[in-house]
Amino acid sequence: MDELVLFPIVEIKVKQEIEQLGTKEKYWIYCQEEKCKKLFKIGRPNTGEDWAEVAAYEIAKLIDLPAAKYEFAKYKNSLGTVSTSIVLDNEQLIHGNEFLAEIDNNYPVNKFYKVKEYRLDTAAKIVSDIDEQYPNLSSLVNFIGYIVFDCLIANQDRHHENWGFILKQQGKLSLAPSYDHAAGFGCREQDAKIAERLVTKDKNFTVAAYCQRAKTPFYDKRSQRLGTLEACKLLGSNYPEQLCYWLEKIATIGTDDIRNIFARIPNEFISEKQRLFAQAILKENMTKLTALKKEICQNE
Ligand SMILES: Nc1ncnc2c1ncn2[C@@H]1O[C@H](COP(=O)(O)OP(=O)(O)O)[C@@H](O)[C@H]1O
Ligand SMILES: [Mg+2]
């Protein structure tokens, strides 16, 4: 068996410019030698927000989903992650809410949750329209990839500033790689609750029940908030080919790949309970997504 190598922890020497967007404390770091920009983000205490970012990035790599790179990081005694900027010099990240506001003057750009106007069909249409202008940039298939990925990792936080487009120098727009997965894998659940969930006989408290209840921030045309699997199904009705592309990718993930990722997370970032819970969530969601593939995809 290959020797297990823990994920490295990048040491931050100086925190530079503060990033105001989002809710967590974060700073841009400019690294001269590598000519790059990295965002140092500090996960909240008593949560697994840091490992969730790194695990999500590693899983995204398994299925070739474009995602910002996340590594563990430390500044003095503060643990966090660094993510390499997905925006090059001369490029701009424009968030989803700006596009939604373009088609609806009253769109609540500064409200992040319980936004009934935040509809999945509308967002997918925005991406699909841009895809028609720049088809070789694969924005639509990647957007559907985000939604499938969110279902896989139980990420409920794909609000309208947690995705967007990169405006390139020549004026071209393409969907940005996925970022901000700090709400995935039930990483904010406390150990005592996790322990109970892992062994409970109460059907409403199992890992399966937890996954079943996972919701996206998106709404459907009946103003119902969409569950993570429901969102995939809805996209499947309009874009079956793109959905099946990702469902097939998910089916290639091995239990060993997942075990390996969680075993490589240093102990100072994750508890044993969190390791088990995250893997149980993934197993449950992989089963659900594989069943969906059987139901709707050809080649079955
Ligand atoms: N890797 C990245 N490259 C470029 N911009 C980023 C990157 N990660 C985050 N951002 C920007 O910073 C904002 C806040 O970061 P995010 O990870 O979403 O933090 P929070 O968890 O506090 O919401 C994002 O909405 C995005 O605009
Ligand atoms: Mg965010």
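Where is the place of Lys114? Lys114 sits in the loop between helix H2 (96-103) and helix H3 (120-133).

## Basis of the model

This is a predicted model, in which local features need pLDDT of at least 70, side-chain atom pairs count only at pLDDT 80 or more, and totals for chains, interfaces and linings use all residues. Residues are numbered from 1 along each chain as its sequence is written, chains are lettered from A and ligands numbered from 1 in the order in which they are written, and side-chain values use heavy atoms, with hydrogens and water left out.

Helices (H or I, at least four residues) and strands (E, at least two) are DSSP runs, numbered from the N terminus.

## The five-stranded sheet

Five strands form an open sheet in the order E1-E4-E5-E3-E2, with mixed pairing. Strands E1 (9-11) and E2 are the edges, each pairing on one side only. Two strands count as paired if DSSP finds at least two bridges between them. Neighbouring strands are turned by 35° against each other on average, direction ignored. Helix H1 (residues 49-62) packs on this sheet and touches E3, E4 and E5. Contact here means heavy atoms within 4.5 Å. The direction of H1 makes about 150° with that of E4. Axes are lines fitted to C-alpha atoms, for helices over the stretch in contact, and angles run from 0 to 180 degrees between N-to-C directions.

E1 pairs with strand E4 (residues 70-75) in the parallel sense, over three bridges. Val10 stands opposite Ala73 in E4. Strand E2 (residues 25-31) runs antiparallel to E3, joined by seven bridges. There, Ile29 has Lys38 of E3 as its bridge partner. E3 also runs antiparallel to strand E5 (residues 78-84), through four bridges. Phe40 stands opposite Val82 in E5. Six of the seven residues of E3 (residues 36-42) are buried. Buried means under 20% relative accessible area, exposed over 50%, and partly exposed in between (1.4 Å probe, protein chains only).

Asn162 is in the loop between helix H4 (139-153) and strand E7 (164-167), and Asp180 in the loop between strand E8 (173-175) and helix H5 (191-199), so the pair ties together parts 18 residues apart in sequence.

Asn162 counts as buried at 4% relative accessibility. Asp180 counts as buried at 11%.

## Positive phi in two loops

Most residues other than glycine have a negative phi. Asp64, not a glycine, has a positive phi of about 55°. Asp64 lies in the loop between H1 and E4. Lys114, also not a glycine, has a positive phi of about 55°. Lys114 is exposed, with a relative accessible area of 65%.
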